[in-house]
Amino acid sequence: MRHVRVRRSLPWLSLIALGLAVAPVRSAADEEDDAAEVRYRVRTDAALERMTVEVCFAGPPPRSLGPGIDRAGPALLDARKGAQALTVRRGRIDTSGLSDGDCLTYRVDLDQARRASRFSNRQGVDFVGSQGAWLWRSRRRPPDHATIRFDLPDGLRVAAPWPREGDGYRLNRSAFRRPAFVAFGRFEPIRVSSHGVDAELVRLGDGWDFTAEDTTAWLRTAIEGVSTVQGRFPVSNLLIVFAPGDGSGVGFGMVRRGGGCSVGFIVGRHSSADALRESWVTWHELSHLQLPPMVQEDAWLYEGLATYYQEVLQARMGVQSPEQAWAALRDGFRRGARGRERDALAVEAENMHRTYAYQRVYWAGTAFALEADVALRQRGSSLDEALRRGARTWRGGPGVWRSERLTALLDRSFDAPVLGPLRDTYARRVAFPPTAALLERLGVGRGGRLRAAPLESVRDAIMSR
Ligand SMILES: [Zn+2]
């Protein structure tokens, strides 16, 4: 779900160097007997250099605990049950001597842990990274139910995307299987509740040129724009973390869904309020939330949908004109079609982090989103409407989806399947989709110039609120 730039400059190499986060799929092995319920209690020092975590089990403890990110193993300093030191082997704590109801305590070097987490960032005391770098758990039987509480020194806060429970948070299985952005520091969170979402935003470090009010305005506009699709924001809880970068505007973004939805953005410290509002990365990244997590071979579909809405939402919100949005889509199709055609689109999507066939995968998927939207609108519905219906099933639910199941669900509203057959055609096709005829029927010409055409009312409705 991470964002890659497909429209302007392409810092591919730096992106690839940062590494990839690929969603795991639940397998039969996940469905073992219930794991013990686990309670975590987290303390840190004031400088956020060390973390001490107490873990208590209600039920039989697992045989060992390890980090969610294997590379974080060396960050473990020690582990004890009371005064008794527990054996640690390659970063894993041997818990075979523990009984039902027992607790243990372990300590983690946070700087080392953070370096094990991809897309982590530290600004003075403040830092963000994945919980997999400091949350030790059973690899074989991650808990179904866990709670976590943070007892931090005065002035320090945590920002996590998990549902609140009591004075802490509730962790579901995905919090132990997938990364999230979790931030610690001296920040003052910005909170906005509107369009069905409770959103929290934190900015790491000092020296931001734009104010908290500018940030709140950006967040409100983003929520409003994204909500034009389903009539509400697609998820109920959201954490956004701004890490500072050079220059101006939102430069990079990435969605993570471990236990709840979080989005990390790299934002230029010197951004103006206008530069923030006009950054297309915002619209692309938040549009990923319209769909549930999906497997890598469906990256063409979820990246295509996000790329489509990144243009559509900017037009709906007046950030760009409909002509500019159509020009961007037309340009993208042209660039996507220039890529070398090697394999079926689903295979290209599966391999894109190795082959760098991003342009082709993203823009073929965008063509799918447009073709699907037009087909649905000709039947009196729309892609917006289909997503609104589908989200009732997947919102807040567990599991990773496949496009076959997704399109079958969305097709239930129609007499005959619309999206399923289109999905099959796209997933299997080697050639770049033929977009010229569709743009012709929509009356979209060079440079996004619009003219009278059979589908002009459909065209204009897409970019309208
Ligand atoms: Zn994306």
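Helices (H or I, at least four residues) and strands (E, at least two) are DSSP runs, numbered from the N terminus. The model is predicted: local features need pLDDT of at least 70, side-chain atom pairs count only at pLDDT 80 or more, and totals for chains, interfaces and linings use all residues. Residues are numbered from 1 along each chain as its sequence is written, and side-chain values use heavy atoms, with hydrogens and water left out.

**Exercise 1. Overall form**

Task: State the secondary structure content of the protein, and judge its radius of gyration against the globule rule.

Solution. 
- Step 1. The protein has 15 helices and 21 strands.
- Step 2. The radius of gyration is taken over C-alpha atoms, and the globule rule is 2.2 Å times the number of residues to the power 0.38.
- Step 3. For 465 residues a compact globule would have a radius of gyration near 23 Å; the protein has 23 Å, so the two agree.
- Step 4. The C-alpha trace spans about 80 × 50 × 40 Å along the principal axes.

**Exercise 2. Burial, contacts and charge**

Task: Give the share of buried residues, the share of contacts that join residues at least 24 apart, and the separation of the mean charge positions.

Solution. 
- Step 1. Buried means under 20% relative accessible area, exposed over 50%, and partly exposed in between (1.4 Å probe, protein chains only). By this rule 57% of the 465 residues are buried.
- Step 2. Contact means heavy atoms within 4.5 Å. Of the contacts between residues at least 6 apart in sequence, 71% join residues at least 24 apart.
- Step 3. Accessible areas come from the Shrake-Rupley method with a 1.4 Å probe, and for residues only the protein chains shown count as cover. The accessible surface is about 19,000 Å², and carbon and sulfur atoms account for 46% of that.
- Step 4. Lys and Arg count as positive and Asp and Glu as negative, while His and the chain ends are not counted. Each charge is placed at NZ of Lys, CZ of Arg, CG of Asp or CD of Glu. The 68 positive and 55 negative charges have mean positions 3 Å apart.

**Exercise 3. The zinc site**

Task: Identify the donors of the zinc ion, give their spacing in sequence, and decide whether H284 is buried or exposed.

Solution. 
- Step 1. Donors are N, O and S atoms within 2.8 Å of the metal (3.2 Å for Na, K and Ca); water is not among the atoms, so sites may look incomplete.
- Step 2. H284 (NE2), H288 (NE2) and E303 (OE) coordinate the zinc ion at 2.0 to 2.1 Å.
- Step 3. The spacing of these donor residues is H-x3-H-x14-E. H284 lies in helix α6 (residues 280–287) and E303 in helix α7 (residues 299–316), 19 residues apart, so the pair links distant parts of the chain.
- Step 4. H284 is buried because its relative accessibility is 0%. E303 also counts as buried, because its relative accessible area is 2%.
- Step 5. Eight of the eight residues of α6 are buried, among them W280, W283 and L286.

**Exercise 4. A strand residue**

Solution. 
- Step 1. V263 is in strand β21 (residues 261–268), and is buried because its relative accessible area is 0%.
- Step 2. Not counting residues up to four places away in sequence, V263 touches F181, L238, L239, I240, V241, M254, V255, E285 and L286.
- Step 3. E285 and L286 are among the buried residues of α6.
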